[in-house]
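Subject: Structure handover

Hello,

Here is the structure I promised to pass on. Please open it alongside this note.

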Amino acid sequence: MKYAFYPGCVSRGACPELYTATLEVCDILGIELDEDALKSASCTGAGVLQEKNLRLGDTLNARTFAMAEKAGLPLMTICSTCQGVMSQANERLVADPEYLASINEDLKEEGLEYKGTINPKHLLWIIVEDLGMDFFNSKVVRKLEGLKLAPFYGCYLVRPSDALGFNENPERETSLESIIEAVGAEVVDFPGKSLCCGFPILTINPKNSVKMVANHTIDAKDRGADAMVTPCPLCHLNLDGYQPNASSAAKRDIDLPIIHLPQLVGLSLGIAPEKMRLNKHIVSTKKLLSELAVAP
Amino acid sequence: MEVKLSVRRYDPESTNTVSHYQEYQMEMDEASTILDALIQIREDVDGTLSLRCSCRSAICGSCAMRVNGEAGLACNTKVIDVIPSDGTPIVVEPAGNLPVIKDLVVDFQPFWNQVKSVEPWLQPAGEEPEAEYLAPDEDMLHLAGVVSCILCGACVSDCTVLEVDSNFLGPAALAKAYRFVGDPRDDADAKRLETLNQEGGVWDCTRCMKCVEVCPKGVAPMDRIMSLREKVMDAGHTNTNGARHATAFVDSVRHSGWLDELKLPIKSFGIFNLKAMIGLIPLAIRSQRAGKVPPLIHKNIPDVENVRKIFDKVENKK
Ligand code: SF4
Ligand code: SF4
Ligand code: SF4
Ligand code: SF4
Ligand code: FES
């Protein structure tokens with residue numbers, strides 16, 4: 001299966017480990033990535049640009065969709081925020097042909113037109129829906145038995161549920177849990193899994209943002225989690241990068257490694273941890289990996 | 001059908017003042033709601049169960065509570081839709097982020113304080129008209145959603161920021177503020193926007209969409225908060241971390257096609273806010289140490305001129 005790959009800014013910037021792990025994992029799973037189709041695509045706007053100008057955001061995303069359409073490929077994302085922002089933009093564009101036509105006016109100069117046929121999909125959904133769990137199970141070579149993992153979705157991959165197609169694809173609601181179980185680990189359920197990590201207010205209200213990190217990581221830890229897994233690099237940035245701050249704010253040790261979804265999948269596919277830069281996290285994964293008996 | 005309910009109980013007057021869950025099992029009709037089930041418990045099984053309700057038709061806003069962890073109106077939630085597939089009971093809890101008085105009844109005083117603080121009444125200026133204050137239909141259309149608010153508090157119950165900071169105005173009050181800022185007959189915008197720009201106001205929302213998802217009336221409080229942010233900035237309040245963050249973000253996308261994470265925090269704190277910037281340095285040092293470093297030189301995407309052209313075209317429309 002071939003996809004037009006939309007890596008998003010964060011995997012090309014602050015989370016290079018996500019980018020690397022994605023390429024490794026897709027290679028083994030037979031997900032062919034076209035990295036050229038969207039090379040001139042812009043940021044989705046992350047909801048921030050939309051605050052200032054919604055139409056501008058919709059135009060930029062329509063432009064990206066038009067590029068994927070031109071290449072004749074479905075579009076793959078690896079970030080909850082990219083996915084959510086794209087799904088919401090797409091919902092508005094497809095629902096209103098008049099609006100779409102007026103947006104297309106602004107794409108004309110570049111020779112682009114969005115016809116409304118793209119259905120952007122996060123890698124998580126691609127594994128569960130397009131590849132299917134039977135296929136995925138057949139690829140797992142290393143069962144991560146004994147590992148207890150807390151899922152953390154990121155707001156934009158769960159809300160608004162209608163724009164994200166939860167009605168048509170109810171399995172999306174538990175997709176992370178399906179993967180955790182498929183790799184042989186145990187799910188640690190906790191209410192924070194679909195709440196906010198606090199990243200968007202990191203520079204606006206750092207105190208609240210850090211409190212959110214503390215609440216989620218401590219809750220997961222106290223319920224027995226060895227690590228947390230997320231399909232959102234922004235959540236990763238906050239939950240991993242600011243865990244030391246959370247730890248001092250809460251005055252206790254947390255030490256909960258945060259693993260990107262493709263890194264988890266990669267471990268079960270037998271990919272070496274350092275190939276996925278698992279040794280390049282703020283919260284060390286060393287102990288976790290040694291318990292799994294895979295050298296860091 | 002057979003229904004199992006696990007209800008969170010709390011009685012300040014009992015010797016056991018910790019909340020606990022009590023299970024009930026009963027026979028219910030397929031059309032029944034959670035509220036029907038609770039009333040049946042109170043009437044036939046356990047008269048000590050406290051809850052609030054009145055209209056039973058999603059109008060009065062008194063029955064907001066959490067069902068399976070998510071807020072909603074009990075009278076609007078059908079039992080059959082929320083029965084867990086794994087055979088466990090339906091979990092019913094009081095609304096969150098508000099103090100519990102007893103069982104499913106919470107103290108709404110903090111909620112009313114928030115709503116009152118945005119001065120939710122029309123403040124027109126100038127001469128009083130002879131009859132009513134008139135407004136053209138098309139100017140009122142965008143308020144159709146927000147005037148549907150029944151002040152039930154479901155959004156406040158599940159707001160992720162209120163969970164960590166009770167100073168936040170919260171989704172219901174902010175949606176209410178929008179209702180007046182957006183009303184063509186109201187002339188207190190300048191004062192209102194100034195207050196909303198302060199700490200605890202529009203910039204503290206994380207955009208988590210919880211309020212949009214749980215609101216039973218389609219008020220979409222977060223969307224109103226985003227409109228308020230735009231209005232706050234348009235009114236010239238650009239000297240906050242939030243406004244600077246939004247502006248820096250947009251500038252980065254316009255300039256390079258994508259996000260320059262290195263510059264973003266510096267620009268959002270303001271060049272002169274040394275204290276905040278020093279607060280960020282640990283992450284930079286930590287990333288360095290972990291070998292996890294974003295590329296220092298932020299490259300433009302290919303054909304970035306095309307992105308800039310779109311910015312010009314769309315921004316000119318505004
Ligand atoms: S939404 Fe975020 S990760 Fe996605 S492209 Fe924009 S800034 Fe990057
Ligand atoms: S949890 Fe936070 S960073 Fe992650 S998607 Fe939600 S708002 Fe964004
Ligand atoms: S905005 Fe919606 S959820 Fe919030 S109080 Fe009003 S009706 Fe209830
Ligand atoms: S979107 Fe904002 S107001 Fe709404 S629940 Fe989330 S943080 Fe609260
Ligand atoms: S009883 Fe009135 S809204 Fe539910």
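Below are the notes on domains, chain contacts and the ligand site.

First, the ground rules. This is a predicted model, in which local features need pLDDT of at least 70 and side-chain atom pairs count only at pLDDT 80 or more, while totals for chains, interfaces and linings use all residues. Residues are numbered from 1 along each chain as its sequence is written, chains are lettered from A and ligands numbered from 1 in the order in which they are written, and side-chain values use heavy atoms, with hydrogens and water left out.

**Domains of chain B**

Chain B is assigned domain 1 (2–106), domain 2 (109–234) and domain 3 (250–317). Those bounds come from an automatic or database domain assignment. The C-alpha centres of domain 1 and domain 2 of chain B are 29 Å apart. In chain B, 17 residues of domain 1 are in contact with 16 residues of domain 2 (contact means heavy atoms within 4.5 Å).

Domain 1 and domain 2 of chain B bury about 1200 Å² between them, with 53% from carbon and sulfur atoms. Buried area is the accessible area (1.4 Å probe) that two parts lose on being put together, summed over both. On the side of domain 1 of chain B, Ala71(B), Asn97(B) and Leu98(B) lose the most area to domain 2, together 39% of what that side buries.

The rule finds 2 salt bridges across this interface of domain 1 and domain 2 of chain B (a side-chain nitrogen of Lys or Arg within 4 Å of a carboxyl oxygen of Asp or Glu). Lys210(B) forms a salt bridge with Glu70(B), with the closest N and O atoms 2.8 Å apart. β3 (64–67) and β4 (70–73) of chain B each supply at least two residues of the domain 1 side that touches domain 2. β4(B) gives the most, with 4 residues. Helices (H or I, at least four residues) and strands (E, at least two) are DSSP runs, numbered from the N terminus.

**Chain B against chain A**

Here the contact takes 57 residues from chain B and 58 residues from chain A. The area buried between the two chains is about 5300 Å², and carbon and sulfur atoms give 61% of that. Val164(B), Arg207(B) and Lys292(B) supply 14% of the area that chain B buries against chain A, more than any other three residues.

The count between chain B and chain A is 5 salt bridges. Asp106(A) and Lys317(B) meet through their side chains in a salt bridge (2.5 Å, N to O). Several elements of chain B give two or more residues to the side that touches chain A, including α9 (221–234), α12 (274–290) and α13 (304–317). The largest share of that side, 9 residues, comes from α13(B). Its residues divide into 28 nonpolar, 11 polar and 18 charged. Ala, Val, Leu, Ile, Met, Phe, Trp, Tyr, Cys and Pro count as nonpolar, Asp, Glu, Lys and Arg as charged, and the others, Gly among them, as polar.

**Ligand 1**

Which residues surround ligand 1? They are Tyr6(A), Gly8(A), Cys9(A), Val10(A), Cys43(A), Thr44(A), Ala46(A), Cys79(A), Thr81(A), Cys82(A) and Leu259(B). A residue is near a molecule if one of its heavy atoms lies within 4 Å of it. Residues from chains A and B surround ligand 1, so the site is shared between chains.

α1 (8–12) and α5 (80–95) of chain A each supply at least two residues of this shell. α1(A) gives the largest share, 3 residues. The shell around ligand 1 holds 8 nonpolar, 3 polar and no charged residues.

Best wishes
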